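Q: I have a structure open and some questions about it. Can we go through it residue by residue?

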Amino acid sequence: MQANEPIAELAQWFQSARGMVVLTGAGMSAESGIPTFRDAQNGLWSQFDPEDLATAQAFRQDKALVWGWYVWRMAMVRAAQPHAGHWALTELATIKPSLSIITQNVDDLHERAGAKDVVHLHGSLFASRCFACGRLHEDVHLPPEAALKPSLRLMPPRCAHCDGYVRPGVVWFGELLPQLAWRKAERCATECDLLIAIGTSGLVFPAASLPGIARHRGAKVVEINPIRTPLSDQVDLSLRSTAGEALCRLVTVLKA
Ligand code: APR
């Protein structure tokens with residue numbers, strides 16, 4: 001196939017699509033300098049055992065380590081900028097207002113690139129809440145050195161209402177996804193005729209079931225990822241590309 005044929009085919013599907021879902025994973029933020037979870041060479045979790053950090057049990061056992069790791073991630077995201085792919089995706093959503101962005105990411109890079117109504121399946125780094133009473137705790141103090149020294153041990157702040165400890169506003173392993181977000185994601189996947197999965201390993205459910213839900217209803221499913229994943233055998237088109245490169249080329253083709 002010619003180098004630009006997959007993009008040309010995707011552009012055709014994009015133009016004729018009535019309802020569209022873009023499902024993003026950690027790979028969507030990689031070009032902003034945010035390490036992904038599972039990429040061996042620089043995976044965020046290559047330094048830690050995920051079970052040691054991203055569970056309620058881990059927080060109960062060592063809240064300073066867990067909170068320190070999330071503060072590092074908050075500071076890293078705050079220091080990062082959306083990349084060209086984020087801006088291109090926002091432009092695609094302007095071209096096709098029926099496009100819904102559903103993300104597994106807990107950063108706010110889609111929003112900082114102007115994306116609207118982003119559905120966060122795994123919560124947000126910036127929606128911390130009390131571990132005991134659940135009240136939001138938004139003004140988290142980020143120590144200046146937090147972005148430079150991972151696995152900082154930091155005691156979490158206390159809740160102003162009940163004095164419980166504040167936890168990150170993300171979905172931990174073993175926890176339910178926010179029901180409104182999941183129901184909207186399921187509905188979008190069921191109703192769309194094109195789903196583009198960008199930068200996800202397709203390993204974590206139920207998010208990883210969305211491409212299959214869309215395909216089962218007859219939608220075209222496309223994967224944008226430099227490498228093969230468990231999704232690769234379920235898609236109609238794979239673009240072995242980074243998110244930034246593929247999304248910018250798609251905008252160029254659509255505007256040609
Ligand atoms: N562009 C596109 N894809 C990329 C890029 C890039 N520049 N860089 C890496 N990737 C791909 C990798 O090849 C990998 O397949 O992004 C994927 C990232 O996979 P993961 O690190 O597993 O991230 P994700 O799929 O989002 O994980 C899902 O698991 O740990 C939980 O809650 C966490 O939301 C996360 C969920």
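Q: Where is L195 found?
A: L195 is in strand 6, residues 194-198. Strands (E, at least two residues) and helices (H or I, at least four) are DSSP runs, numbered from the N terminus.

Q: What should I know about the model and the numbering?
A: This is a predicted model, in which local features need pLDDT of at least 70 and side-chain atom pairs count only at pLDDT 80 or more, while totals for chains, interfaces and linings use all residues. Residues are numbered from 1 along each chain as its sequence is written, and side-chain values use heavy atoms, with hydrogens and water left out.

Q: Back to L195: buried or exposed?
A: L195 has a relative accessible area of 0%, so it is buried. Buried means under 20% relative accessible area, exposed over 50%, and partly exposed in between, with a 1.4 Å probe and protein chains only.

Q: What is L195 in contact with?
A: Leaving aside neighbours within four places in sequence, L195 is in contact with V21, A189, L210, P211, A214, K220, V221 and V222. Contact means heavy atoms within 4.5 Å.

Q: And how far apart are L195 and V22?
A: They are 173 residues apart in sequence and 5.7 Å apart in space, C-alpha to C-alpha.

Q: Switching to S29. What does its side chain make a polar contact with?
A: The side chain of D107, at 2.6 Å. A polar contact is a pair of N or O atoms within 3.5 Å; within protein, one must be able to donate a hydrogen and the other to accept it, and residues adjacent in sequence count only if both atoms are side-chain atoms.

Q: Why is S29 classed as buried?
A: Because its relative accessible area is 2%. S29 sits in helix 2, residues 27-30.

Q: Now the ligand. How many residues surround it?
A: 23, and the closest are A26, R38, T200, S201 and N225. A residue is near a molecule if one of its heavy atoms lies within 4 Å of it.

Q: Which atoms lie by the ligand oxygens?
A: A side-chain N or O atom of S201 is 2.6 Å from an oxygen atom of the ligand. For H122, a polar side-chain atom lies 2.8 Å from a ligand oxygen, and for F37 a backbone N or O atom lies at 2.9 Å from one.

Q: How much of the ligand does the protein cover?
A: 92% of the 730 Å² of accessible area that the ligand has on its own. Those areas come from the Shrake-Rupley method with a 1.4 Å probe; for residues, only the protein chains shown count as cover.

Q: How many salt bridges does the structure hold?
A: 11. A salt bridge is a side-chain nitrogen of Lys or Arg within 4 Å of a carboxyl oxygen of Asp or Glu.

Q: Which residue does D236 pair with?
A: D236 forms a salt bridge with R215, the closest N and O atoms being 3.0 Å apart. The pair links distant parts of the chain, 21 residues apart: D236 is in the loop between strand 7 (220-224) and strand 8 (237-239), and R215 is in helix 9 (residues 210-216).

Q: What about R240 and E223?
A: Their side chains meet in a salt bridge at 3.4 Å, N to O. R240 is partly exposed at 38%, whereas E223 is buried at 1%.
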